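Please keep the sequence and the model in view while reading.

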Amino acid sequence: MASALVTGPVAAPAGAEAAGAQSPKILRIGVTQEVDSLNPFISITRTGTDILRANFDYLTVYSQQDYSVEPSLAESWTTSDDKLTWTFKIRKGVKWSDGQPLTAKDPAFTFNKMLSDETARTANGSYVAQFESVKATDDYTLVIKTKVPQSTMLALDVPIVPEHVWSKVADIGAEPQFPMVGSGPFYVTDFKEAQFTKMKANPHYWRGKAKIDELHFIYYRNSDAAVTALQSGQIDLVNRLTPTQFDALQGNSDVALNNAQNRRFNEIVINPGAATNDGTPIGNGNPALKDVKLRQAIAQAIDSKTLVDKVWGGYATEAAGYIPPAFKDYAWKPQGDEVRKFDLAAANKALDAAGYKKGPDGIRLDKQGQPLNLRLLAHAENVVDENAGPFIKGWLKDIGLNITIQPVSDTQINEATTRGEFDLAFSGWNANPDPDYVLSLQTCANRPNAEGKGGTPDSFFCDKTYDDLYKKQLSELDPAKRQDIVKQMQARLYDQAPLVILGYDNALEAYNKKAFEGFPLQPAKGVIMNQQGYWGYYGATPAGEGPVPVFGKNGENTATGADTSQAASEDSSNTGLILGIIGAVVLVLLVGGFFVVRSRRRTADERE
């Protein structure tokens, strides 16, 4: 069915209305994930973050070419000898989209709001956990003092909000008013839940106005519908294609394809005993899963190679560590005796030794003599979950576990996992060049409070050994030493098995060449959408208006040649080999997180 949907020619381009001199130039993007929130203190999903990255600027940004840190709202910075005081010089002449000046008071307000309000820490709280004070000493000087040296001070991936708007907001967790005031290349003008988010180019953007006038994110229930919309000219750009769709589009001369190494990992999370951040048990997870031996057996019974071949059609990399291989400085894989190879016989033997006897029907019994019946929450209409679920159910049956797959809506799976009402669940994250945030998601402190706020946990893992390593890496400023600590943390996660990495899928993207010349990729052979910044949208180039920008040092456009497309070639040959990550503390990270029920409108299967 997917092949039938995508083999036809692309109709008149969505950008065609831009042909008239007075018609706006619009980039229409098809997304298959609903926006959880457009509140920058709350939103943590892939689509919400993508939109907010275009709306709000940051102190520093990732470069388009290689993920190295570049100045943005902060044009320079210094640090004290003891690494406890950081002084940022805020760029002069920057204006908000409403024309008001942006000063050091705006980031000071942003960070201080996070320090004083637990709700404001929902999405990005780990960045300020070690802050002692934040002050604007004048209009262009921001001083941040930390309690301990912090390796992520140039990785403060926190959207800076305008004080003159947000200081008047009574409920910091509420949805914003439109139009939203921002300092990025675009600002949100209109939003309708499960329909669209519309943005306009910011005329005051300090780097200069974008080539396009408007940016629309249009929601589709699944990728089949989005690809059909691309064919018919209703949208110009789409990602998250299935392998079948991607292969079928390769013969379409009106479509450009991009197959890039992704920064995402896919996982099964295992409920090891959900609790709030004060240790109060919550949820109804099967208590047998508190046993590390059972979790390890589950991990050993899942075959990543089969999933890569059969579910992702080869457009993925086999599982290893928690940090995806795209970020090679921090990526880890088990070696020697650490390796837990897919082995059903070994998993069965381990469960026998751990005392999980099989009943007459072949289903193992827990220590209280109850059958090990486990729920596997899956996202309805998600191709990966739909295709991988039967494999996982079959393998776990072979080791004596009875698995019931429960396909539910994004909202339902969010609510269930946030309340700890799950046994196993499909999940996934878009990881970061700097690993701190995704590592923080496995800490005891990142579990939510009794109201479901203040933290964004993944599996509810809480382990002193892991927590001690987390604190150690956060304060380690030597790149090589920090990398070693991060790898020790991944080894601990692997050993304790609160989650099972399934694999790392490629980003499969397509755009309409009739409408657009191309888009800047991040990194140089990376992705168009879901970047760790805004380069792909900011540099979107309508057909005939090339060359596509290449943003060099400090974000200046260095494009001079006639080659107008930085996206993948038509033969889909540019598998995006991520460039080497720049070492030291100058790496920035994206926000990740689970969903807080009372703070989200909608949710989805992957986070930023």
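A residue is called buried when its relative accessible area is under 20%, exposed when it is over 50%, and partly exposed in between. By that scale Cys-462, at 37% relative accessibility, counts as partly exposed. The structure is a predicted model, and its chain has 608 residues, of which 60% count as buried. The points below are grouped by topic.

**Confidence of the model**

- Averaged over the chain, pLDDT is 88, and 88% of the residues reach 70 or more.
- Residues 16-20 stay under 50 in pLDDT, and the model gives this stretch seven contacts beyond four places in sequence.
- The pLDDT is also below 50 over residues 567-605, a stretch that has 182 contacts in the model beyond near neighbours in sequence.

**Overall organisation**

- The chain contains 15 helices and 21 strands.
- Of the contacts between residues at least 6 apart in sequence, 73% join residues at least 24 apart.

**Nonpolar cores**

- In soluble globular proteins, nonpolar side chains tend to be buried together.
- The largest nonpolar core holds 103 residues, and the members that touch the most others are Leu-27, Phe-111, Leu-142 and Tyr-322.
- Beyond its neighbours within four places in sequence, Tyr-322 contacts Phe-265, Val-438, Leu-439, Leu-441, Gln-442, Gln-490, Leu-493, Leu-499 and Ile-501.

**The six-stranded sheet**

- An open sheet of six strands has the order β14-β18-β13-β17-β15-β16, with mixed pairing.
- Its edge strands are β14 (316-317) and β16 (402-408), each of which pairs on one side only.
- Within the sheet, β13 (residues 264-270) and β18 (residues 499-505) run antiparallel and are joined by four bridges.
- Val-269 stands opposite Leu-499 of β18, and Leu-499 is also among the residues in contact with Tyr-322.
- Helix α11 (residues 410-418) lies across β15 (373-379), β16 and β17 (424-430), and the helix runs at about 135 degrees to β15.

**The disulfide**

- The model has one disulfide, which joins Cys-444 to Cys-462 with an S to S distance of 1.9 Å.
- The torsion about the S-S bond of Cys-444 and Cys-462 is about 100 degrees, so this disulfide is right-handed.
- Both cysteines, 18 residues apart, lie in the loop between α12 (436-440) and α13 (464-475), and the pair links distant parts of the chain.
- Cys-444 counts as buried because its relative accessibility is 15%, which falls under the 20% limit.
- Cys-462 counts as partly exposed because its relative accessibility is 37%, a value in the range between 20% and 50%.

**A buried helix residue**

- Val-227 belongs to helix α5, which covers residues 223-231.
- With a relative accessible area of 0%, Val-227 is buried.
- The C-alpha atoms of Val-227 and Leu-237 are separated by 9.1 Å, and the two residues are 10 apart along the chain.

**Cis peptide bonds**

- Phe-178 and Pro-179 are joined by a cis peptide bond with omega of about 0 degrees.
- Pro-179 sits in the loop between α4 (163-166) and β8 (186-192).
- Gln-522 and Pro-523 are likewise joined by a cis peptide bond, with omega of about -10 degrees.
- The loop that holds Pro-523 runs between β20 (516-518) and α15 (535-538).

- Lys-83 has a positive phi of about 65 degrees, although it is not a glycine.
- This lysine, Lys-83, is placed in the loop between β4 (74-79) and β5 (85-90).
- Lys-83 counts as partly exposed because its relative accessibility is 31%.
- Ala-194 is not a glycine, yet it has a positive phi of about 60 degrees.
- The loop between β8 and β9 (196-201) contains Ala-194.
- Ala-194 counts as partly exposed because its relative accessibility is 37%.

Methods: Residues are numbered from 1 along each chain as its sequence is written. This is a predicted model: local features need pLDDT of at least 70, side-chain atom pairs count only at pLDDT 80 or more; totals for chains, interfaces and linings use all residues. Side-chain values use heavy atoms; hydrogens and water are left out. A nonpolar core is a set of buried Ala, Val, Leu, Ile, Met, Phe, Trp, Tyr and Cys residues joined through side-chain atoms within 4.5 Å. Buried means under 20% relative accessible area, exposed over 50%, partly exposed in between (1.4 Å probe, protein chains only). Contact means heavy atoms within 4.5 Å. A disulfide is a pair of cysteine sulfur atoms within 2.5 Å. Helices (H or I, at least four residues) and strands (E, at least two) are DSSP runs, numbered from the N terminus. Two strands pair if DSSP finds at least two bridges between them. Axes are lines fitted to C-alpha atoms, for helices over the stretch in contact, and angles run from 0 to 180 degrees between N-to-C directions. pLDDT is the predictor's confidence in each residue, from 0 to 100.
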